[in-house]
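Here is a quick walk through some aromatic rings, backbone angles and accessibilities. Keep the sequence and the 3D view open while you read.

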Amino acid sequence: MGLQPLEFSDCYLDSPWFRERIRAHEAELERTNKFIKELIKDGKNLIAATKSLSAAQRKFAHSLRDFKFEFIGDAETDDERCIDASLREFSNFLKNLEEQREIMALSVTETLIKPLEKFRKEQLGAVKEEKKKFDKETEKNYSLIDKHLNLSAKKKDSHLQEADIQVEQNRQHFYELSLEYVCKLQEIQERKKFEFVEPMLSFFQGMFTFYHQGHELAKDFNHYKMELQINIQNTRNRFEGTRSEVEELMNKIRQNPKDHKRASQFTAEGYLYVQEKRPAPFGSSWVKHYCMYRKAAKKFNIIPFEHRSGGKLGDGEVFYLKECTKRHTDSIDRRFCFDVEAADRPGVSLTMQAFSEEERKQWLEALGGKEALFHSFNRAIVPRPEGSAQLDKMGFTILRKCISAVETRGINDQGLYRVVGVSSKVQRLLSMLMDVKTCNEVDLENSIDWEVKTITSALKQYLRSLPEPLMTYELHGDFIVPAKSGSPESRVNAIHFLVHKLPEKNKEMLDILVKHLTNVSNHSKQNLMTVANLGVVFGPTLMRPQEETVAAIMDLKFQNIVVEILIENHEKIFRTLPDATFPEPVSLSPSPPNAPPRQSKRQGQRTKRPVAVYNLCLELEDGDSPNPPKEDTPPSSLDSLSSPSPTTATVPGPPGPDKNHLLADGGSFGDWTSTGTSQPRSCMVQWLNPQSPTTPSCNPAVTPPSPKSAPVLLSPATVADKPPESVINRKARAVYPCEAEHSSELSFEIGAIFEDVQTSREPGWLEGTLNGKRGLIPQNYVKLL
């Protein structure tokens, strides 16, 4: 049996059974309210799931559209073309289907969710308010009656009459409210039937409309599906017909590979390990090459290739064979070796190693090789100038030849001195330059045999091969001190003084080199080699401590600063005499005072980011060695590559939440108060800080770097290093507007929300996604959420 009707006459009796019937109606409305509330929640979840499904379907459709089959050979069949085009058809089908699904999701909100929310708020909510009034009035009415009946009969008649009138009025008000409440209860019970079911009908109508649209799309797709099935079957049949032929051929070659050798234009080809000799500190290494030899032309091609590094192919070399000689194990501590001598490179001999004795015999036969005694082999070897680099007349000749060639041929080459040459070619050039017999024959300015990157790498290798760095071990600590403290002017004066303490030959060679680097930096718009980038390259080359310690490693970034000062102030340092009043270096307190960081001459302008910062090849291009030496920077100089450089100083921007980030994270000026150092401090510290004649003081007016400073060009080692505090898959909000100056940066306004924010490889920058585009974001311009 359903709910009993509520009679209006029962409102005056207000019997216990009447109250039970009211409570039954109220319980039913409460159950209805909870049901509608849960249904609205489920409906919203359904809409969210529909949108998620639609997004996944659209992504799937995009993936299908963007993929394209590659075919083997130089043509494909009509069936294959149809199969290739089928993915785009599938994508279009899904796209049309998801458009209808999107319409359905919108209709669910309008036809189901909003009407139910309105009914629950306006109708059921109104009943709840009526119930509160009814309960309150019930309590008031019967409390007043109890109080009235407790009045003493001895009170005055006027007082009793007044009380009777008040009670009667209150009872009439209670009856009217009761009538209205009963009417509302019965009205809502009847109204909910159509107010609730009608939105459900609209919802199902929208759903069926969606499925009908899908049915219509399926009918349209059916004809194409039949044709595609034929294309697939034809292709399958051809595959089955050719697979047996392929397997048969494979088995024949497996049983007797020599009888099925592929015809080739080369007399012999295959992998050989080639010995690469390097200056004394590095020894030698064996690098795998793919070698090809044409007997008619005596032309030998070798291409370095390393399978373990994902198949990295390097730059090949070509030479003409003069003779080939078998090596015996009493002359080399490896088996299966032989030597080849190049006819077009007098004195150049390469030692190669085959995979087996049988392969060595095949190579010797193809190359016309011969047996040789140990002593005869020794006579054929031309001594290499390993570790023989000296600061002599030959050294100055090498330096001038390389600089002249670079300034003539490659002063505008992007990444000059950062892009390194093929290590085998670099070593060969350096050997020829350091040989008195061949040095004058090498024409670097007009010869196309030597690339600019090979010349620059040879120059750097020569400087690193010197028995002592160009700026000497003795003055290394004194050069570091001014880079760590003092004003910009006092730093220049200190470096000026120390340069003139160098031995004459060292100072002369340093003058020639720094003058050249100044010229290179003047073309930085073309070659992207700013003063900061040149400091990164030549800091570890021109300066290094005599003893390798952790403290010395931490000083590498300051070596870069010293080189930057030399480049920016070349004329003053090398063309004028230093201040004669500058004090002689003596040991002082190990704690340098705080001072503002050195500012760039171009302060006030925002430095443009290098255009090719992500495109420069900073590794050996041919992978000559499984573990090639780092041509640009020793492993201990990674900090210097990521530290902020004075040449990247910019006009101070808005004081973001991390306005001192670059100073703190870069490390160049973040450790002024550190006491741990292996180098003695000198009394020049006081001279560098003239604010006080006795006590060094900190300058509080340190100009913070702009939140958006252009990062320096990074080496591969630095790119691989993560900043100390990494950010992974976070959201961030822009607190300052930003206009991108490079295609890799993002432009945004205040309040922009970035998705998938991560720590960038470049110090002081983040990577994030805004409006579907991913790029770099200045860390100080955003706040992580």
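How many aromatic pairs does the structure hold? There are 21 aromatic pairs here, and keep in mind that this is a predicted model.

Let's zoom in on one of those pairs, tyrosine 271 with tyrosine 290. Their ring centres are 5.0 Å apart and the planes meet at 75°, so this is an edge-to-face pair; the cut-off for that label is an angle over 60 degrees. The two partners come from distant parts of the chain, 19 residues apart. Tyrosine 271 belongs to strand β1 (residues 268–277), while tyrosine 290 belongs to strand β2 (residues 284–294).

What sits over the ring of tyrosine 271? That would be the charged end of lysine 288, 5.5 Å from the ring centre. So tyrosine 271 has an edge-to-face ring partner in tyrosine 290 and also a lysine charge over its ring.

Elsewhere, ring pairs join up into a cluster. Its members are Tyr12, Phe134, Tyr142, Phe174, Tyr175 and Tyr181.

Now for the backbone. Most residues other than glycine have a negative phi, which makes the next two worth a look. Phenylalanine 336 isn't a glycine, yet its phi is positive, about 60°. You'll find phenylalanine 336 in the loop between β5 (317–326) and β6 (337–342). Asparagine 771 also has a positive phi, near 55°, and it too is a loop residue, placed between β10 (765–770) and β11 (773–778).

Asparagine 771 is exposed, at 78%.

One more stop is glycine 125, which is in helix α3 (residues 78–149).

| Residue | Relative accessibility | Class |
|---|---|---|
| Tyrosine 271 | 24% | partly exposed |
| Tyrosine 290 | 26% | partly exposed |
| Asparagine 771 | 78% | exposed |
| Glycine 125 | 22% | partly exposed |

Notes
Residues numbered from 1 in each chain as written. Predicted model: local features only at pLDDT ≥ 70, side-chain atom pairs only at ≥ 80, totals over all residues. Heavy atoms only, no water. Phe/Tyr/Trp six-rings, centres within 6.5 Å; stacked < 30°, edge-to-face > 60°. Helix = DSSP H or I, 4+ residues; strand = E, 2+ residues; numbered from the N terminus. Buried < 20%, exposed > 50% of the residue type's maximum accessible area, 1.4 Å probe, protein only. Lys NZ or Arg CZ within 6 Å of the ring centre and 35° of its normal.
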